[in-house]
Amino acid sequence: MNKPAQSVDAHSVMFITPRPEVMMVEGKGSWLTDNNGKRYLDFLQGWAVNCLGHSNPGMIEALNTQAKKLINPSPAFYNEPMIRLSNLLTKNSCFNKVFFANSGAEANEGAIKLARKWGQLNKSGAFEIITFDHSFHGRTLATMSASGKPGWDTMFAPQVPGFPKADLNDLDSVKKLVTDKTVAVMLEPVQGEGGVIPTTKEFMQSLRKFTKENNILLIVDEVQAGCGRTGKLFAYQHYGIEPDIMTLGKGIGGGVPLAALMATDAVACFVPGDQGGTYNGNPLMTAVGVSVIEQLLAPGFLESVRAKGELLSKELLAISAEFNLNGERGEGLLRALMLSSDIGGKLVELARDRGPEGLLINSPRPNLLRFMPALNVSDDEIRQMCNILRELLKQVV
Ligand SMILES: *Cc1c(COP(=O)(O)O)cnc(C)c1O
């Protein structure tokens, strides 16, 4: 057990963020193991990506079977998993067409292009897309420009123009930004990176009504909130509305790089040459996507996500009361605990470094912790996580 910690020589890995001196080598369900054999209870799950936990058997089976059959016939041809996954997604949503991409940012780039194309055809070249303060849409130049993260407007200046920012849950702030150049409004049903801030039902419904009346498209970025995370297959389904465009990422691949741009027939106006990508719809990744979506749609699964979300919410509220914190919020298994001071970063480190078992959580803002466990996390693992939190809060608060 007490072997000396193995060193990690990562000098050739480009520095983009500080990382602990370990390598992750194995994952199973809600647990990760590093190169020293230390185990971590994983409530990050690859940043809300591994919706079925680590090493999900159905996904492994899909990967193996498809790898033996066909990995990539090129995007010039249809393939079977691409068609199966498109049909599954359209059958279970209000959308009619799907384009597959490799990352959430790429899917959002596609959504931006599609909206601008639609504006060229239907709204005299309108191209502005109203987005929101504290929103996150990705790390390409256009999606950074669409994002409302403080500081991102100057980080790689100049920005891509055409993304005025409104305030979430404030329809008047949207109305003020509308001009004859406005083609769409784009938002996350639950702002994830912004700190797990749900869009209210009243706002989403009045926004849908307003955009419809003014011939403006509604785009939902469900890269984080989609694919069962909030307890419904898609987060927009909580609101009783139908958007025009939706993007998916993260959970749709369950850990492999897969994303999707979805649109209604009325909006899907790309013509040859407008959109593409070497890996789009490749059968290896879409076969995994089929397995993921079928598992999410299995009888009782989404109900169990809602029940686990309620359990986590109840436990976090109890912790908040015990330690005089500021409550919790979220939808389904995308939740945040509001702290009483800026100790989020400290708690994340203590949780990871504690022994014998670590805990992986994250702090998108210094005064809160975010939880995005596997959707099949067990009740025991939720309670275990909460007891570790109690232990850490005792040390810090
Ligand atoms: C993570 C995320 C993205 C970006 O997805 P990548 O796969 O990292 O490019 C976009 N939008 C939202 C809401 C996200 O949470």
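1. Is T199 buried or exposed? T199 is buried, with a relative accessible area of 3%, where buried means under 20% relative accessible area, exposed means over 50%, and partly exposed lies in between (1.4 Å probe, protein chains only). The model discussed here is predicted, so that local features need pLDDT of at least 70 and side-chain atom pairs count only at pLDDT 80 or more, while totals for chains, interfaces and linings use all residues. Residues are numbered from 1 along each chain as its sequence is written, and side-chain values use heavy atoms, with hydrogens and water left out.

2. T199 sits in the loop between β9 (197–198) and α8 (201–213); helices (H or I, at least four residues) and strands (E, at least two) are DSSP runs, numbered from the N terminus. Leaving aside neighbours within four places in sequence, T199 is in contact with L168, N169, L187, E188, P189, M204 and Y239, contact being defined as heavy atoms within 4.5 Å. With E188 there is also a polar contact, in which a polar atom of the T199 side chain lies 3.1 Å from the backbone oxygen of E188. A polar contact is a pair of N or O atoms within 3.5 Å; within protein, one must be able to donate a hydrogen and the other to accept it, and residues adjacent in sequence count only if both atoms are side-chain atoms.

3. E188 also belongs to the surroundings of the ligand, together with S103, G104, A105, N108, F136, H137, G138, D221, V223, Q224 and K250; a residue is counted here if one of its heavy atoms lies within 4 Å of the ligand. This shell divides into three nonpolar, six polar and three charged residues, on a scheme in which Ala, Val, Leu, Ile, Met, Phe, Trp, Tyr, Cys and Pro count as nonpolar, Asp, Glu, Lys and Arg as charged, and the others, Gly among them, as polar. Helix α4 (residues 104–122) gives the most to the shell, with three residues.

4. On the side-chain level, a polar atom of D221 lies 2.8 Å from a nitrogen atom of the ligand. Taken alone the ligand exposes 380 Å², and the protein buries 82% of that; these areas come from the Shrake-Rupley method with a 1.4 Å probe, and for residues only the protein chains shown count as cover.

5. Two residues that are not glycines deserve a check of their backbone angles. K250, from the ligand shell, has a positive phi of about 35 degrees and is placed in the loop between β11 (245–248) and β12 (259–263); at 19% relative accessibility, K250 counts as buried. N169, one of the contacts of T199, has a positive phi of about 65 degrees and lies in the loop between β6 and α7 (171–175), where N169 is partly exposed at 30% relative accessible area.

6. Helix α7 contains S173, which counts as buried at 11% relative accessibility. The side chain of S173 reaches the backbone nitrogen of D167 at 2.9 Å, and, neighbours within four places in sequence aside, S173 is in contact with A166 and D167.

7. There are cis peptide bonds to inspect as well. One joins A157 and P158, with omega about 0 degrees, and P158 lies in the loop between α6 (152–155) and β6 (165–166). Another joins G355 and P356, with omega about -5 degrees, and P356 is found in the loop between α11 (344–353) and β15 (358–360).

8. In the largest nonpolar core, which has 77 residues, L296 and F371 touch the most other members; such a core is a set of buried Ala, Val, Leu, Ile, Met, Phe, Trp, Tyr and Cys residues joined through side-chain atoms within 4.5 Å. A second, separate core of 24 residues includes A111, I129, I245 and A263.

9. I219, in strand β10 (residues 217–221), is buried with a relative accessible area of 0%. Not counting residues up to four places away in sequence, I219 touches A111, A115, A184, V185, M186, L187 and I245. I219 and M262 are 43 residues apart in sequence, while their C-alpha atoms are 9.7 Å apart in space.
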